[in-house]
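The following note comments on selected features of the structure shown below. Each point may be read alongside the coordinates.

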Amino acid sequence: MADSFTIFSFAARNLRRKPLRTAVLIASIGLLVTALVFVLSFVRRVDSVVKVASDRLGADVIIVPSGSRGAAEDVLLENKVKTFYMDKALVEKIGRINGIDALTYQTYLASIVGQCCDVPETVVVAFNQDTDFIIKPWLGKAFGRRLKKGEALVGNESAMNISVGLTEVDGVLFGNLFKMVGVLEKTGTGLDTAIFIDESNIEDILTKGKTALKSGQVSIIFARVKKGFDPSKVAGDIGDAFVEVNAVARKDIGRNILSTLRDLNRVFFVTVTLAAVLSIFLVWAVFSAIANERSWEIGIMRAIGARESHVSRLFLIEVLFIGAAGSFIGIIAGTAVSVFLGKHFMMLKNVTADLGTGERIIIGLCSLAAGTAICVAGALSPVRRLKKLEPLLAIRKD
Amino acid sequence: MSQIELSGISKEYAVGDLTIRAVDGVSLSIEKGDFLSIVGHSGSGKTTLLSIIGGIIRPSTGKVLYEGSDICRLDDDRVSEYRNRKIGFMFQFASLLPILTAKENVILPGLFGPAGATARGKAAEEYLSVVGLSDKINSFPSQLSGGQQRRVAIARALINDPEVILADEPTGDLDEDTEAEIMDLFRKLNKERQVTFIFITHNGDLARQAARQLRMHSGRLEEVSRIPA
Ligand SMILES: Nc1ncnc2c1ncn2[C@@H]1O[C@H](COP(=O)(O)OP(=O)(O)O)[C@@H](O)[C@H]1O
Ligand SMILES: [Mg+2]
């Protein structure tokens, strides 16, 4: 038992002599790392969500009514429920713009529980199956036929809410009965929370009058650009030709969100940096007190042959333990917070794509490194001072 | 070549504007296997001198040659090694680490030596039994009497098989029987292993047991008596 007395058990004994103080230090580092993990996860998540979503949108140019660009991004990237409409005749007119290869359009309807529908609040997308190239890639093997009138497909996330899956479920949408016949593959975009119906249903929906939609309106037009044409240029041409629409190239989608995110990043960076500096001060203050308390003991150790490096090593083990334990707790807490609390952030509320395990591990390792580095940084100068004390003076100082 | 050669050692402490000369021009040759006692009034500089020999404090002037090399010029690692391997130091005051058991305190110097602490567990138990504390191996200093603590410190000074033992009033809080036992142990180590002993005492009888008797007075050292080897 005592035969295995080593510098590690010595360090452990030191940590246990004032358990409360050790616990408070660990908790402080834990809090800092929690904040760090949460912030890193949040930033990475929003960033990747915007990129993934715009990459997966099978269109080069997106055309929405003037002034509705923000709303469209909210629907496509953040799964918010918003509607906006423009004249359907625009589809044909825009198709004549030079460089357009293919066009399709969709009409968005907002389902409101109790009022019109018996499904949770979501966007109902009416699309044209003949021209569609947006939804088709996600139908996959799961659904190999055309969608009939009175049938609906459900986005991957919504499927869980309405418990569609193995069995077919009926639902009332805008006063009409729909059979939920299939589930879309996961897209990582706003499509995941939507419900999809064929355009031919719109007439019946209008008849029941349970929506703000008027006849001859669509919400969004997706365009594919011919090879050799620059999507930004084509989008510019469309915008110039039709004042009533807003055309955006795919690479510009989410730019608003990303620039907001950049500002947020700055705020996070400053906050976390201040918290880190605060932690360094805390560790420094605690270890200064520890150094004073233990100077007599260190003097004895030095007098019986401990090198400066032995003193450093002893404290390094203690510091690393505090740093690693705090970081470990922080990583778990931070990940938990980012998973659970993340749902309550508007920017992430409906975001479907979660961080991969690899990314979480990288965030965890960075935070572990930061947490322990902060501990070491804080303890550095008190320990340096301590190990430089002349042994006899340290011993006699009582 | 003498084992230890002190030449012109002085040590001054600055206390505010004053300088206290605790050791004043001490020169002394110590041969391997010598058995020395030092007596002197409190404040005469005995502890300071012993600490200088032990490499625990540097003199203000003068040289301490150990086997010909000046320990005051060694870098920190080498002087630590000197304290750890060559010297066994017994402090005047309580010197056990309160968070370690008796056995762990005895092992401690081994932690800083080459063998590593694990190999020292057995030796620690042996030395604790030599000083009569076999039954207190796992006691903490707070659970031991002053005399018992001192015996643990003696075992600690012996654990690395030092060549020189520097003992600052080693039998101070011991009863007469234990004191006699400890002195017997010292003499035995001195005879069998040629361990050099320098001990400070207030006890004239003990001092007279040493082959070389020294006295300190106001930082100066004089040799009172020497039994030729
Ligand atoms: N760290 C110190 N600072 C100032 N003065 C000291 C210090 N250590 C010892 N002294 C002084 O040096 C003198 C010698 O002390 P010391 O060597 O402990 O004597 P002794 O062991 O013979 O009692 C005393 O006057 C003491 O007050
Ligand atoms: Mg003294």
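1. The model is predicted. In its chain A, V270(A) belongs to helix 9, which covers residues 255-303. With a relative accessibility of 46%, V270(A) is classed as partly exposed.

2. Chain A comprises domain 1 (2-52 + 257-397) and domain 2 (58-252). Between the C-alpha centres of these two domains of chain A the distance is 48 Å.

3. Over all chains, the structure contains 30 salt bridges. One of them joins R13(A) to E104(B), with an N to O distance of 2.6 Å. This pair spans two chains, running from helix 1 (residues 7-17) of chain A to helix 3 (residues 102-111) of chain B. R13(A) counts as buried because its relative accessibility is 18%, and E104(B) is likewise buried, at 5%.

4. Within chain A, D204(A) and K149(A) form a salt bridge of 3.4 Å, N to O. D204(A) lies in helix 7 (residues 202-208) and K149(A) in the loop between helix 5 (136-139) and strand 5 (151-154), 55 residues apart. D204(A) has a relative accessible area of 30% and is therefore partly exposed.

5. In chain B, the closest N and O atoms of R212(B) and D34(B) are 2.7 Å apart in a salt bridge. R212(B) sits in strand 9 (residues 212-217), whereas D34(B) occupies the loop between strand 2 (18-30) and strand 3 (35-40); 178 residues separate the two. Both R212(B) and D34(B) are buried.

6. A network of salt bridges connects R307(A), D77(B), E81(B) and R85(B).

How values were computed. Residues numbered from 1 in each chain as written. Chains lettered and ligands numbered in written order. Predicted model: local features only at pLDDT ≥ 70, side-chain atom pairs only at ≥ 80, totals over all residues. Heavy atoms only, no water. Helix = DSSP H or I, 4+ residues; strand = E, 2+ residues; numbered from the N terminus. Buried < 20%, exposed > 50% of the residue type's maximum accessible area, 1.4 Å probe, protein only. Domains from an automatic or database assignment. Salt bridge = Lys/Arg side-chain N within 4 Å of Asp/Glu carboxyl O.
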